Amino acid sequence: GIAFFLLSMALAFDAALTTVRLHRDVPGCSATRSYAELMQHCLGRPGELGAVFSLVVANWCSTVAYMKFVGDNLSRFLPVLSLSSDQWVACVTVPIAACAWIDDVSALQRVSALGLIAGQGFVLLLLSSAAPHLHELPAYLGEQPAIRWDSFPVAMGLAVFCNEGMVVCAPNVSAAMRVPSQYPASALAAVVYFTANYMLVAL
């Protein structure tokens, strides 16, 4: 799972840089306003349809995997409520689906830093809890299978969920930057930061 995640991060980072270069260097691409338009300009109508189809499938499957992930964690961390994973998924589906109607998310910019702080705090909390047991890690890793096939589909879906946005949004993010030439370094820093935190939690 860890090897697959690292590979998917590397491929997503390369794909993001490639789309930025296409948007910047290919004549006419700088006027495109979306990832689908960029694919149409570079690959024609079949390329656009293929890109849109891939995004729909990837988004649908990764959303299902993410909902399952949320349900599993809520049932594990809130056992006092006696709700199964499937019941938690049913509970959170409606409020999450309602967010699809929100087009303007600029108001969230004011509180976006809180999400980063909460996420980093969660990582530090896990590390502090696991630190006294680090001597058990080698034996634990030796007992684990190379691939957990029962959770592999969910793991793949989460990896896609984490990485696809970086590729799709790359041209627009780069164009919106004050210094677009700094995008590769900024994207690399984000990938390293996210990967480091993921690896700490995973191990």
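Biologist: In which helix is the place of T19?

Modeller: This is a predicted model, and its helices are numbered from the N terminus. Within that numbering, the helix that spans residues 2-25 is the one that holds T19, namely α1.

Biologist: Is T19 buried or exposed, and which residues does it touch?

Modeller: The relative accessible area of T19 is 5%, and because buried means under 20%, T19 counts as buried. Once residues up to four places away in sequence are set aside, the residues that T19 touches are Y35, L38, V167, A170 and P171.

Biologist: At what angle do helix α2 and helix α3 pack, and how far apart are their axes?

Modeller: Two packed helices are described by the angle between their axes and by the distance between those axes. Here the pair consists of α2, residues 35-77, and α3, residues 85-98, and the values are an angle of about 125° and a separation of 8 Å. That angle makes α2 oblique to α3.

Biologist: Which residues of α2 meet α3, and what classes of residue make up the contact?

Modeller: On the α2 side the residues are M67, K68, V70, G71, D72, L74 and S75, and they meet S85, D86, W88, V89, V92, T93 and I96 in α3. Sorted by class, the contact has 7 nonpolar, 4 polar and 3 charged residues.

Biologist: What is the handedness of the crossing in which α2 passes α3?

Modeller: For the pair with axes 8 Å apart, the crossing of α2 past α3 is right-handed.

Biologist: What is the phi of S82, and is this residue buried or exposed?

Modeller: S82 lies in the loop between α2 and α3, and its phi is positive, at about 55°, although S82 is not a glycine. Its relative accessible area is 63%, and therefore S82 is exposed.

Biologist: Where is A100 found, and how far is it from A189 in space?

Modeller: A100 is found in the loop between α3 and α4, and its relative accessibility of 63% means that A100 counts as exposed. A100 and A189 are 89 residues apart in sequence, while in space, from C-alpha to C-alpha, their separation is 29 Å.

Biologist: What share of the residues in the protein is buried, and what box do its C-alpha atoms fill?

Modeller: Of the 203 residues in the protein, buried residues make up 23%. Taken along the principal axes, the box filled by the C-alpha atoms is roughly 55 × 40 × 35 Å.

Biologist: Which element of the protein has the lowest mean pLDDT?

Modeller: Over the protein the mean pLDDT is 79, and 91% of the residues reach 70 or more. Where pLDDT is low, the predicted coordinates should not be read in detail. Among the elements, α3 has the highest mean, 86, and the lowest, 72, belongs to helix α5.

Terms used: Residues numbered from 1 in each chain as written. Predicted model: local features only at pLDDT ≥ 70, side-chain atom pairs only at ≥ 80, totals over all residues. Heavy atoms only, no water. Axes fitted to C-alpha atoms, helices over the stretch in contact; angles between N-to-C directions. Helix = DSSP H or I, 4+ residues; strand = E, 2+ residues; numbered from the N terminus. Parallel < 35°, antiparallel > 145°, perpendicular 65-115°, else oblique. Left-handed = near helix turned anticlockwise from the far one by under 90°. Contact = heavy atoms within 4.5 Å. Nonpolar A, V, L, I, M, F, W, Y, C, P; charged D, E, K, R; others polar. Buried < 20%, exposed > 50% of the residue type's maximum accessible area, 1.4 Å probe, protein only. pLDDT = per-residue confidence, 0-100.
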